[in-house]
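Reader: Hi, I'm new to this one. Can you walk me through a few spots?
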Amino acid sequence: MNIGKKITIHLDNGTVTGIRHAEMMNWTGQAISDPRNQIKTLKTWDESARPGIYFLLGISEETARPAVYIGESENVLNRLFQHDLKSDFWNEVIFFTNKDKNLTKSHIKYVESRVWELATAAKRYDVLNNQTLSESVLSRSDKHTMEGFILNMKLFLGVFGHRILEPYSQIVTQESYLVDDAEILELKSKDLIATAVITDEGIVVKSGSDAANLVSENLSKGYQELKNELIENRVLIRQGKKLAFNQDQLFTSPSQAAAVITGYPMNGRIHWKNSKGQTIKEIEESMAIQ
């Protein structure tokens with residue numbers, strides 16, 4: 001059973017586009033989201049001049065994908081001013097510090113390394129760090145404490161609209177009607193076979209799934225552009241006469257996923273099926289009856 005959590009967010013200037021400060025009961029950590037053009041305002045925030053982890057967020061100039069730079073500092077504000085002078089890609093920063101003084105340099109180095117690993121593995125954002133981040137040595141108890149800190153960081157990043165650390169296929173709630181291994185969906189079309197799972201965000205096509213090399217003239221321009229983008233970013237790679245997914249990929253709907261895979265318009269709700277041969281439409285209808 002998922003346990004509810006209460007998060008309090010303070011909007012500093014009364015709007016969602018300004019500085020946002022978030023905290024949670026019984027957690028000593030805190031998160032602050034700040035647009036780049038308001039960095040100077042953070043001088044009045046004691047929370048920003050403490051040891052912490054930060055995420056610079058923007059768009060990659062090379063791939064036009066969401067991008068992130070992950071860093072740590074014993075004084076986050078000072079480091080942000082340095083990035084403001086040197087880095088162009090970012091337009092928002094989210095950083096995490098502690099309300100007390102128990103977060104040390106070793107702690108934040110450990111967290112920096114771990115969140116870099118998670119962000120790289122999740123593949124939602126281009127991670128712009130130029131090198132692998134080394135993990136600091138901590139005691140077993142401190143590691144466990146920092147792993148708990150990271151779990152809360154995932155939650156707060158999601159609340160701020162950035163699921164940087166979460167792989168697509170893990171965003172599944174216990175209440176989802178397609179969460180079991182037996183409910184993995186399959187799409188078959190001619191010589192193509194693709195598998196997927198339904199998540200809270202949409203449908204995730206699994207790595208290794210097939211896709212057609214060609215597209216029909218009837219396929220919408222938007223879907224054609226999406227497929228070309230996936231090819232350019234090597235999410236779809238050539239494999240013989242077909243394409244194959246090089247990683248898990250989120251789509252907003254079963255029909256969008258099916259159309260990109262097959263290369264022509266398709267109603268995904270009746271073509272994606274589980275191991276029992278039930279379509280998504282039939283599964284939803286059976287759930288409505290219960």
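Reader: Is helix H5 largely enclosed by the rest of the structure or exposed, and why?
Author: Helix H5, residues 254–262, is largely enclosed by the rest of the structure, because 8 of its 9 residues are buried. Buried means under 20% relative accessible area with a 1.4 Å probe, protein chains only. Helices are DSSP runs of H or I with at least four residues, strands are E runs of at least two, and both are numbered from the N terminus. This is a predicted model: local features need pLDDT of at least 70, side-chain atom pairs count only at 80 or more, and totals for chains, interfaces and linings use all residues. Residues are numbered from 1 along each chain as its sequence is written, and side-chain values use heavy atoms, without hydrogens and water.

Reader: Which residues in H5 are buried?
Author: Pro-254, Gln-256, Ala-257, Ala-258, Ala-259, Val-260, Ile-261 and Thr-262.

Reader: And what follows H5?
Author: Gly-263, with a positive phi near 90°.

Reader: Switching topic, where does Ala-67 sit?
Author: Ala-67 is in strand S5, residues 66–73. Its relative accessibility is 0%, so Ala-67 counts as buried.

Reader: What is Ala-67 in contact with, leaving aside neighbours within four places in sequence?
Author: Its contacts (heavy atoms within 4.5 Å) include Leu-56, Ile-59, Phe-89, Tyr-125 and Leu-128.

Reader: How far apart are the C-alpha atoms of Ala-67 and Arg-124?
Author: They're separated by 8.5 Å, while the two residues are 57 apart along the chain.

Conventions:
Buried < 20%, exposed > 50% of the residue type's maximum accessible area, 1.4 Å probe, protein only.
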